[in-house]
Amino acid sequence: MNNRPRIIGHRGAPAVFPEHTPASYRAAFAAGVDFVEPDVVPTRDGVLAVIHEPRLDDTTDIASRPEFASRFTRKRAGRIAASGWFVEEFNWDELRTLRGIERWPELRPASAAHDGEEGMLRLRELVELTSAEAPGVGLVIELKHDARTLRLGFDYVELLRAELDGLWDAPALAELRWESFEVPVLQRLRDAGLPGKRIQLVEDGRGRLDEEEGPARLTAEGLAEVGEWANGISVRCEVLTRDLVDQAHALGLEVFAYTLRLEERFLPTAFAGDAAGWVRYLADTGVDVLFADDPAAVRVLLG
């Protein structure tokens with residue numbers, strides 16, 4: 001295959017171990033990834049916990065912990081109102097007692113077999129783990145729900161300065177990327193001079209601004225606008241095309257695509273039963289980086 005995009009272990013390797021656990025990241029390292037991608041959410045005491053969303057229910061054993069039953073509540077997580085347990089209701093010492101579980105146990109029984117084995121990580125710990133065990137692997141850090149985080153009284157710029165104090169020269173941060181759907185946080189990172197490239201996440205052809213749909217980002221004009229605050233874009237695999245990649249590259253933007261999942265239920269209709277064909281199609285667009293839930297299998301299919 002002529003085009004070999006770099007591979008991100010999306011939340012580690014969640015097709016084989018519960019997402020964001022140390023084992024998931026170690027499986028990604030073993031698969032030879034170029035990057036791993038943690039999502040971060042602030043705790044009540046301002047620690048950046050590595051978890052996909054503020055709601056804890058789907059990926060931890062919080063529901064089985066009677067000592068935390070009274071903290072079940074209903075609130076807004078991003079643009080969606082939901083019931084459950086939320087990261088900002090806990091301090092880090094409490095959260096680190098939780099254990100990771102597989103969010104899709106029927107789809108990923110191999111991962112679910114490891115439910116309860118390992119606890120959560122904070123961002124600092126993941127930087128240290130990656131630097132020690134896979135010093136050639138970089139981090140792509142997604143900052144979740146910036147507007148919501150600001151309403152809770154936290155600014156990611158200050159949280160990151162505190163969380164990564166003394167670690168900015170760590171190997172895992174040598175090729176650091178930040179990503180967010182929300183424009184303001186990327187602009188604040190730029191203005192604050194924090195190291196690392198900034199990647200604008202795009203959903204269904206549009207960006208999000210302050211939890212609302214923003215202007216179209218995937219036109220030539222939109223891509224040029226993104227270049228004012230970001231160094232690249234990250235789009236859904238389903239909207240990725242050679243033309244989009246060429247336009248972005250012409251403007252000096254990196255192109256990422258999320259999330260490559262090989263299970264049949266996630267394949268586009270045109271590639272039903274043909275995961276290898278789907279991987280080849282994406283690679284042939286010239287995309288720079290692919291997010292993958294099973295990076296070892298993707299590596300095999302890339303050849």
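Hi everyone. Before the details, a word on the ground rules: this is a predicted model, where local features need pLDDT of at least 70, side-chain atom pairs count only at pLDDT 80 or more, and totals for chains, interfaces and linings use all residues. Residues are numbered from 1 along each chain as its sequence is written, and side-chain values use heavy atoms, with hydrogens and water left out.

Let's start with the whole chain. The protein chain has 11 helices and 14 strands; these are DSSP runs numbered from the N terminus, with helices being H or I of at least four residues and strands E of at least two. Its radius of gyration is 18 Å, close to the 19 Å that the globule rule gives for 303 residues, so the chain is as compact as a globular protein of that length. That radius is taken over C-alpha atoms, and the rule is 2.2 Å times the number of residues to the power 0.38. Along the principal axes, the C-alpha trace spans about 55 × 45 × 40 Å.

How much of the chain is buried? Of the 303 residues, 56% count as buried, meaning under 20% relative accessible area, while exposed means over 50% and partly exposed lies in between (1.4 Å probe, protein chains only). As for contacts, meaning heavy atoms within 4.5 Å, take those between residues at least 6 apart in sequence: 68% of them join residues at least 24 apart.

Now to the inside. There are three cavities of 30 Å³ or more. A cavity here is a set of points on a 1 Å grid over the protein atoms alone where a 1.4 Å probe fits but cannot get out, and lining residues have an atom within 4 Å of a point. Grid points are joined across faces, edges and corners, and a volume is the space filled by probe spheres set on the points. The largest cavity holds about 90 Å³, and its lining includes Glu-19, His-20, His-52 and Met-120. What kinds of residue line the largest cavity? Three are nonpolar, seven polar and one charged. In that scheme Ala, Val, Leu, Ile, Met, Phe, Trp, Tyr, Cys and Pro are nonpolar, Asp, Glu, Lys and Arg are charged, and the others, Gly among them, are polar.

Thr-130 sits in helix 4, residues 123–133, and counts as buried because its relative accessibility is 0%. Beyond neighbours within four places in sequence, Thr-130 touches Phe-29, Val-36, Pro-135, Val-137, Leu-139 and Ala-172. In helix 7, residues 183–192, the buried residues include Val-185, Leu-186 and Leu-189. Gly-193 follows that helix with a positive phi near 75°.

Most residues other than glycine have a negative phi, and most peptide bonds are trans. Arg-11 has a positive phi of about 60° and lies in the loop between strand 1 and helix 1; at 7% relative accessibility, Arg-11 counts as buried. His-145, in the loop between strand 7 and helix 5, has a positive phi near 50°, and at 12% relative accessibility His-145 is buried too. Which peptide bond is cis, with omega near -25°? The bond from Tyr-258 to Thr-259, and Thr-259 is in strand 13, residues 254–260.

Terms used:
On a 1 Å grid over the protein atoms alone, a cavity is a set of points where a 1.4 Å probe fits but cannot get out, and a pocket is an open set with protein on both sides within 12 Å along at least five of seven lines; lining residues have an atom within 4 Å of a point.
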